[in-house]
Each structure stands twice: as C-alpha cells, then as structure tokens.
Amino acid sequence: MHKIAFLVLLLCSLLFCMASCKNADHEHVLDEWKQISESSCSKQGEMIRNCTKKNCDYTETKYLDLKSHDYEDSVTPPTKTTDGYTTHTCKNCAHVLVDTYVPAVGSDNLEYDHIVTDESVTCIITGIGTCKDTDVYIPTYIGKYPVVAIAEGAFKKCDTIRSVTLPKGIVEIGKEAFYECSNLEKITIPDTVQKVDANAFFSCYKIRYVYISNLTAWCKIKFRTADANPTNFATKLFLNNQLLTSLTIPDEVTEIGDFAFVNCSSITEIFIPEGVTYIGVDTFSNCGITSITIPDSVEKILSRAFEKCKYLTNIKLPSGLTEIKAYVFANCWRLQNIEIPQTVTRIDLGAFENCSGLVSITIPKSVKSIGARAFRDCTNLGSIVLEDTNNWLAYDDSYDITGTPIDVTDPVKNATYFKTARDFAHWEKN
Ligand SMILES: [Zn+2]
Ligand SMILES: [Zn+2]
C-alpha cells in the first residue's frame with residue numbers, strides 16, 4: 001500500500017517538473033497586463049502579459065467578459081389570426097430575441113357569457129352573434145377573461161361558417177355545438193380540450209380537415225357520441241398538419257378513449273404500445289387497417305371498437321382478455337385469422353356478425369356464453385370448434401328464457417347451428 005502511494009507521488013512530482021520546467025531555464029518575470037482588444041457583445045476582449053527576460057517569448061493571455069447586447073425593441077401586435085410578439089434586435093451584432101407573445105385577437109362580435117365561480121371568471125361562447133366571418137377564430141380572451149368553452153348549440157345550423165379555429169384554453173365543446181353546420185369544412189381542436197358532448201358535429205357532412213397537435217391529449221378526450229368527433233365525417237385526421245396514416249399511440253397513453261378515431265379510414269396502420277389497458281367504444285371503427293396486434297396489457301376492448309374495419313384480415317388479441325364485446329368485429333368481412341384467448345368467458349351480441357371471411361373458429365373451454373347473432377352472416381364459417389361441448393343451452397331469443405339443450409355431437413361441424421334460425425339464438429353453458 002505504501003509502495004503504491006510512493007510511486008504515485010513520484011509520478012506526480014515528475015509530471016509537475018516536466019510541465020513547469022519545459023522551455024524555461026529561468027523563472028519568468030511578468031510585466032503588467034495590457035489590453036489588446038475590447039469586449040463586444042459577440043467577441044471577448046483580450047489582455048496579455050509577457051515575460052521580460054531576454055529572449056523569452058513566454059506570454060499569458062486572459063479573456064474579458066462579453067458585453068451584454070444592446071437591444072432595440074419592436075412590438076408586433078396580434079391580428080385576428082396571428083399572435084403578437086416583441087422582437088429584440090441588438091444594435092451592435094444583430095442578435096435577435098423574440099418574446100412576450102400575445103394571443104391572436106380572434107373573431108369579433110361573437111356572443112358570449114361569463115362563467116363566474118368562487119375561484120375564477122371565464123368566458124363561454126354562446127353563439128355567432130353579429131360576427132360575419134366565414135372562417136371563425138374563437139378568441140383566447142374576451143377582455144381579460146379566458147375563453148374555456150363552446151356552449152351547447154352555440155353554432156347550431158350556422159350554415160355560413162366554413163372553418164373554426166379553437167384556441168388553446170378551450171376545455172369543453174358543448175352538446176350540438178356545431179350541429180348541422182352544413183358548410184363547415186375545417187376544424188382545429190387544441191390539446192386543452194377534454195370533453196366533447198353529444199352530437200357536437202352532427203350532420204357536418206362537409207368536414208374534411210380536422211387539425212390536432214397532440215395525440216396523447218386526443219386519446220384522452222371524452223367524446224360522448226360518434227358525432228361528437230368530427231372525424232366521423234372527415235374520415236381523417238391531421239396531426240401537426242400531416243395527414244395521419246400510420247398511427248402510433250404515444251407511450252404515455254393508458255386508455256384510448258371512446259370514439260377517438262371513429263371512421264378514420266385514412267389510418268392504415270395502428271401501433272398500440274404495451275401499457276395501454278383500455279380501447280373504447282367505436283374507437284377504431286371503420287379504420288383502414290389490415291392487421292393489428294393488441295398488446296397483452298389491454299384488459300378491455302369495448303363494443304364496436306373495430307367494427308367495419310373492412311380491410312382487417314389479422315388481429316392478435318391480448319392473452320388476458322375476458323370479454324369479446326358486442327359488435328366488436330362486426331362487418332370486418334375480410335377478417336380471416338382470429339384466435340380467441342383462453343381467458344375469454346363471454347362472446348357478446350353480434351361480436352363477429354357478417355365476418356364472411358372467417359372459415360373456422362375455435363371457442364376455448366373458458367367461454368360460458370355466446371351472444372345472439374355472434375356469428376350471424378358468417379357465410380363461410382364452416383367449422384366452429386367447441387373445445388368443451390358439454391351442456392350448452394340455446395335460447396331462441398331473449399323472450400324464451402327456458403332454453404333447450406343443444407346436441408353437440410360433432411363439434412367440428414356444428415357451425416350449421418349458426419346458419420339457421422339459431423343465428424338469433426344465444427348460447428349459454430348450463
Ligand atoms: Zn521568461
Ligand atoms: Zn449584440
């Protein structure tokens with residue numbers, strides 16, 4: 001131990017000697033610091049001092065602090081559609097700094113109300129008022145109060161508006177807010193929106209452009225009905241001005257909300273990360289996907305989640321799934337390959353209705369109930385393999401609560417049960 005310490009010490013002193021003795025056989029005698037250049041805002045000033053000994057060219061240099069920029073300010077006021085800001089330009093070096101953003105003013109003369117609570121005063125837009133704009137920009141503030149919502153029926157049957165831009169700060173869009181806005185083509189929805197109430201965009205048949213900026217926020221929105229989501233008519237979504245064709249659900253998302261991508265037929269690929277636990281009602285219905293893998297973290301897939309995905313041929317269900325909900329794959333008529341996980345206990349009403357691409361399916365032992373019309377119009381389904389054939393009862397319809405035993409003697413060919421009147425029956429384990 002001591003030997004090592006000694007060696008280290010020796011090495012250090014040797015290095016020190018080499019550094020200090022190099023190029024010098026004398027101790028430098030340094031003169032006064034002399035400034036050779038001044039600092040500006042972009043270049044450091046320099047000072048030097050030299051050794052005064054004869055024939056010695058030893059020099060030391062030190063740098064002075066930069067001077068601060070000398071700014072000239074110019075204010076660009078906000079317009080109806082663009083934010084205002086202040087530009088600071090340095091008179092000496094042309095360095096530019098922009099800050100103090102002021103939100104766009106928005107459209108004039110809209111109708112509004114104040115929402116007064118103990119904590120705050122905010123504004124809610126209640127109607128078009130005397131505003132003549134065809135492209136409506138909802139203001140961020142009215143006076144000093146932030147605009148947070150569009151009221152129920154605010155623009156109902158307003159057939160003059162062509163586009164609506166909602167600013168950041170809007171949290172809620174009320175019921176029937178844009179109901180039958182028959183000329184509405186574009187809507188911009190900020191990432192602050194949390195709830196869109198029933199039929200907010202009902203019969204907005206001309207909508208083609210739905211602009212959003214944040215997928216995580218979009219997946220969290222509570223859309224009350226399919227017609228609360230403008231994609232139901234637009235059939236597509238623009239994320240930061242790019243048409244969304246390949247959808248990757250962000251890692252932060254745990255629940256993909258009801259109706260989130262309803263009718264987005266322009267989406268042809270969907271990647272769902274491990275960590276998502278919930279896929280909502282109608283979430284991906286009528287999307288343009290051809291195959292999808294749902295990670296094992298998903299516990300619930302709600303009714304109609306993939307209904308009318310007419311290009312879907314392959315789907316991998318999560319291994320812990322317990323219920324196949326009503327109409328979840330109805331009208332997926334190219335669906336060929338599906339394996340029902342061994343944890344599923346119920347296959348609900350119409351789950352695979354009109355899946356004419358299915359040629360065979362295996363119902364695992366865990367399944368205790370198969371809903372009415374679950375395989376109705378699966379015209380090519382030649383084989384339903386029941387892994388457990390015992391004690392099934394068929395109920396001809398919901399009015400007949402008694403049930404009649406089914407004779408399942410040849411489970412491989414019992415698919416015929418679903419091609420008769422019993423299309424309408426639901427089956428249950430006794
Ligand atoms: Zn010297
Ligand atoms: Zn400068």
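# Close-up views of a predicted protein chain

**Figure 1. Overview of the predicted chain.** The protein chain holds 3 helices and 34 strands; helices (H or I, at least four residues) and strands (E, at least two) are DSSP runs, numbered from the N terminus. The model is predicted, so local features need pLDDT of at least 70 and side-chain atom pairs count only at pLDDT 80 or more, while totals for chains, interfaces and linings use all residues. Residues are numbered from 1 along each chain as its sequence is written, and chains are lettered from A and ligands numbered from 1 in the order in which they are written. Of the 430 residues, 33% count as buried, that is, with 20 or more other C-beta atoms within 10 Å of their own, the C-beta atoms being placed from the backbone. Among contacts (C-beta atoms, placed from the backbone, within 7 Å) between residues at least 6 apart in sequence, 39% join residues at least 24 apart.

**Figure 2. Confidence along the chain.** The average pLDDT, the predictor's confidence in each residue from 0 to 100, is 89 for the protein chain, and 88% of the residues score at least 70. Over residues 5-22 the pLDDT stays under 50, and the model has 0 contacts beyond four places in sequence for this stretch. Where pLDDT is low, the predicted coordinates should not be read in detail.

**Figure 3. The largest nonpolar core.** This core has 103 residues; a nonpolar core is a set of buried Ala, Val, Leu, Ile, Met, Phe, Trp, Tyr and Cys residues joined through C-beta atoms within 7 Å. The residues with the most contacts inside the core are Ile125, Phe178, Val328, Phe329, Ala351 and Phe352. Elements that give two or more residues to the core include strand E8 (121-127), strand E11 (145-150), helix H2 (215-220) and helix H3 (231-234). The core lies between domain 3 (106-236) and domain 4 (245-430), because both give residues to it; the domain bounds come from an automatic or database domain assignment. Leaving aside residues up to four places away in sequence, Phe178 touches Phe155, Leu184, Ala200, Phe201 and Cys204.

**Figure 4. The open sheet E4-E5-E6.** In this order, 3 strands form an open sheet with antiparallel pairing; two strands pair if DSSP finds at least two bridges between them. Strand E4 (71-76) and strand E6 (96-102) are the edge strands, each with a single partner strand, so one side of each has no neighbour in the sheet. Neighbouring strands are turned by 20° against each other on average, direction ignored, with axes taken as lines fitted to C-alpha atoms. E4 is joined to E5 by 6 bridges, and strand E5 (residues 84-90) to E6 by 5. Thr89 in E5 is the bridge partner of Glu72, and Val96 in E6 is the bridge partner of Thr89. His88 stands opposite Leu97 in E6. The hairpin of E5 and E6 has 5 residues between the strands, and Ala94 there takes a positive phi near 70°.

**Figure 5. Strand E11 and its partners.** E8 and E11 run parallel and are joined by 3 bridges, with Ile125 opposite Ile150 in E11. Strand E10 (residues 141-142) pairs with E11 in the antiparallel sense over 2 bridges, and Ile142 stands opposite Tyr145 in E11. In the hairpin of E10 and E11, with 2 residues between the strands, Gly143 takes a positive phi near 60°. Strand E13 (residues 172-173) runs parallel to E11 and is joined to it by 2 bridges; Glu172 in E13 lies opposite Ala149.

Definitions and conventions
Buried ≥ 20, exposed ≤ 12 C-beta atoms within 10 Å, placed from the backbone. Contact = placed C-beta atoms within 7 Å. Axes fitted to C-alpha atoms, helices over the stretch in contact; angles between N-to-C directions.
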